[in-house]
Amino acid sequence: MPSAKDYPTDQIRNIAILGHASSGKTTLVDALCFATGTSQRKGNVDEGHALTMTTPEEISHRVSMQLTPAFAEWTDTKLNLLDTPGYLDFTADALAAVRVADAAVIVLSATSGVEVGTEKVWEYCEERGIPRILFISMMDKEHADFHGVYQDAKERLTPKALPVEIPIGSGDGFQGLINLFRERAHFYGAPDGKGEFEVGEIPSELQGSFDRWRTELQETLATQDESLLEQYLEGGGISREDAIAAMARGMARGDVVPVLLGSARKGYGVRALLRRMVQLLPSPAAAPPQPASQNNGKGEVQLSAADGDPFSALVFKTTAEPHVGNLSLFRVYGGRVESGAQVVNVGRASPEKLNHLSVPFGKERPEVQRLHAGDIGVVAKLRDTHTNDTLAAPSRPVLIPGIAFPRPDITLAVRGVSRKDDDRLGEVLSHLREEDPAFQFEYNSELHQTIVRGLGELHLDIQIERMARKYGVKVETERPRIAYRETITLPAEAQGRHKKQSGGRGQFGDCWIRLEPLPPGSGFEFVNGIKGGVIPGKFIPSVERGIVEAAGKGIVAGYPLVDVRAECFDGTYHTVDSSDIAFQIAGSLAFQKAAQQAGPILLEPIMAVAVTTPETFMGDILADITQRRGKVLGMDGGGGRTVVRARVPQAELYKYAAALRAMTQGRAHHVRELVAYEPVPDLVAKRIVGEVQGKAS
């Protein structure tokens with residue numbers, strides 16, 4: 001475990017490491033920590049012992065599935081590295097990392113270039129407005145193409161991408177890089193993971209390429225500053241120090257995105273990246289202030305990363321460890337905090353104590369005495385603190401805006417394999433939701449199913465694995481049932497008569513009811529139309545209860561009847577034998593008879609669906625919506641993306657998010673909400689009724 005030093009705010013960098021799945025993010029974080037000596041062992045993703053792969057699921061699947069911090073120490077600077085998953089199923093953790101980082105390194109594979117995951121994390125960074133570095137890794141792989149990936153990034157991410165290094169060879173011939181700032185070549189020997197290199201002259205065959213890229217770098221940086229532009233136009237070159245300072249200013253404004261390269265697996269280019277992260281990326285003190293709201297509702301405050309301010313922090317991740325309990329990872333936005341400090345959870349108005357204050361480093365948590373403003377820490381066993389909660393000094397209880405997690409759109413129904421599993425299911429699902437806010441669940445009392453929701457099939461599969469491994473709860477899955485409804489199409493009336501004599505006091509209830517269809521969305525309405533006391537008023541509520549009970553059980557397929565007016569307009573009673581239960585039974589019988597004569601039909605829930613997609617995939621999406629019995633209502637375009645608005649039966653949207661992702665290479669997404677119930681087509685209704693009857697038999 002590394003020793004954790006005391007770093008002031010201006011010597012801290014908070015950096016999200018982002019990219020598409022398998023682009024090399026975890027390998028890069030491992031390489032950065034190993035090259036600096038913070039980690040004593042060079043990890044390997046394929047062998048399952050990379051520094052930031054900490055869960056059995058990540059190790060067995062060989063992919064990152066959660067945000068895992070580590071830190072590297074370089075030239076008296078602490079680099080907090082937030083390793084993130086690249087699969088879209090775990091994008092919530094990438095969002096959390098971007099939310100608390102002051103900058104990002106976006107990793108691109110030298111063989112695959114910009115992929116859908118790259119585009120997604122780029123969008124997240126654009127929304128936050130944080131400076132970025134593009135790092136083209138895997139330059140030692142066969143078919144590596146630095147220039148092709150660079151052009152891809154310029155076209156699909158930003159035209160402001162600008163190389164500050166160019167490669168010497170690629171694939172098996174990748175020998176090093178040329179530093180455009182220093183005008184020198186870095187040659188790497190046998191890979192040792194430390195990234196040691198020898199500085200030499202630029203190879204003659206690359207001199208022309210160097211001159212072209214060097215000129216582009218100088219011209220671009222000259223435009224970042226008037227004095228530099230004047231100096232450049234007068235024929236003077238821009239010094240290395242001035243160029244780096246100009247690039248840092250341009251990055252802060254979003255005008256420049258430097259492009260670096262290397263091989264994280266071999267350690268090539270890692271030290272150059274470390275230097276650029278220190279030189280070009282802002283410390284928390286140089287980052288824009290964090291807006292927060294005062295807990296008394298009297299306006300907004302700006303939190304600057306200053307030790308002298310009262311403490312405030314946002315909890316951005318909660319994990320659970322056996323024998324330890326919940327671990328709360330937080331970013332300090334204001335003030336300095338000491339281990340053992342008494343703070344308040346502002347949103348919950350509950351006191352907390354920060355015992356054993358630590359910093360996260362993969363699986364390890366080296367303890368520290370204090371954390372300065374802007375740093376990232378972790379603390380265990382807080383009593384009532386969860387992801388997105390604000391911790392603050394009691395003297396200034398401010399609320400920091402939380403992370404806007406994506407809404408899960410893949411659903412499954414789960415049930416315990418055994419009675420014991422079922423009894424613990426709710427408790428275990430709550431623990432999983434605590435660790436992953438993008439994972440949701442609910443028990444649907446109407447459908448008698450526990451429904452879980454996630455961001456993808458892999459997301460849900462992994463949660464089911466965790467249930468079994470971590471909590472010993474095994475579940476079976478099934479398709480979520482649909483909450484169908486029934487209604488009537490014609491008016492009808494019928495008598496319900498219940499008469500029973502059994503030697504003593506009998507039972508007698510007699511009523512007539514009239515049913516009428518109501519407009520969609522009206523629900524159920526009961527009308528007391530009795531005149532002249534033919535049924536005493538005290539029995540009318542019993543008639544209503546019988547009708548409501550029968551309506552809840554349905555006529556066609558056992559689903560509740562809606563959009564119906566039921567009027568009790570006539571009947572008779574017996575002074576001795578009539579009772580509440582008798583009239584309740586009579587009301588139920590009358591309703592069942594009348595409903596069967598009133599043209600009952602099945603209704604299905606209809607969802608309003610909005611699909612946001614690149615225009616390229618419009619034809620496939622429209623055809624797919626039609627196949628799902630959907631109706632396209634309209635399209636809104638702009639910026640190369642189109643929003644398709646449609647109404648689709650809920651029954652046809654099972655696993656739609658996964659199908660949409662496959663159809664569009666992951667570039668489209670959708671939202672949905674229930675808007676109406678509409679009649680089910682006859683053929684579909686017959687199938688549904690047949691399935692219900694088959695289960696009942």
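A disulfide is taken here as a pair of cysteine sulfur atoms within 2.5 Å. By this rule the count in the structure is zero disulfides. The model is a predicted one, in which local features need pLDDT of at least 70, side-chain atom pairs count only at pLDDT 80 or more, and totals for chains, interfaces and linings use all residues. Residues are numbered from 1 along each chain as its sequence is written, and side-chain values use heavy atoms, with hydrogens and water left out.

Buried means under 20% relative accessible area, exposed over 50%, and partly exposed in between (1.4 Å probe, protein chains only).

| Cysteine | Closest cysteine sulfur | Sulfur distance | Relative accessible area |
|---|---|---|---|
| Cys 125 | Cys 33 | 20 Å | 0% |
| Cys 568 | Cys 511 | 5.0 Å | 0% |

A nonpolar core is a set of buried Ala, Val, Leu, Ile, Met, Phe, Trp, Tyr and Cys residues joined through side-chain atoms within 4.5 Å. The largest such core has 122 residues, and Leu 81, Leu 134, Met 247 and Met 277 have the most contacts inside it. A second, separate core of 26 residues includes Phe 583 and Ala 590. Contact means heavy atoms within 4.5 Å. Not counting residues up to four places away in sequence, Leu 81 touches residues including Ile 15, Ile 17, Phe 71 and Met 277.

Pro 2 is found in the segment before β1 (12-19), strands being DSSP runs of E of at least two residues and helices runs of H or I of at least four, numbered from the N terminus. Pro 2 is buried, at 13% relative accessible area. Between Pro 2 and Ala 590 the C-alpha to C-alpha distance is 78 Å, with 588 residues separating them in sequence.

A cavity is a set of points on a 1 Å grid over the protein atoms alone where a 1.4 Å probe fits but cannot get out, and lining residues have an atom within 4 Å of a point. The whole structure has one cavity of 30 Å³ or more. The largest cavity has a volume of about 50 Å³, a volume being the space filled by probe spheres set on the points. Both α3 (91-100) and α4 (116-128) give two or more residues to its lining, and α4 gives the most, with four residues.

Key: 1 Å grid on protein atoms, 1.4 Å probe; cavity = no way out; pocket = protein on both sides within 12 Å on 5 of 7 lines; lining within 4 Å.
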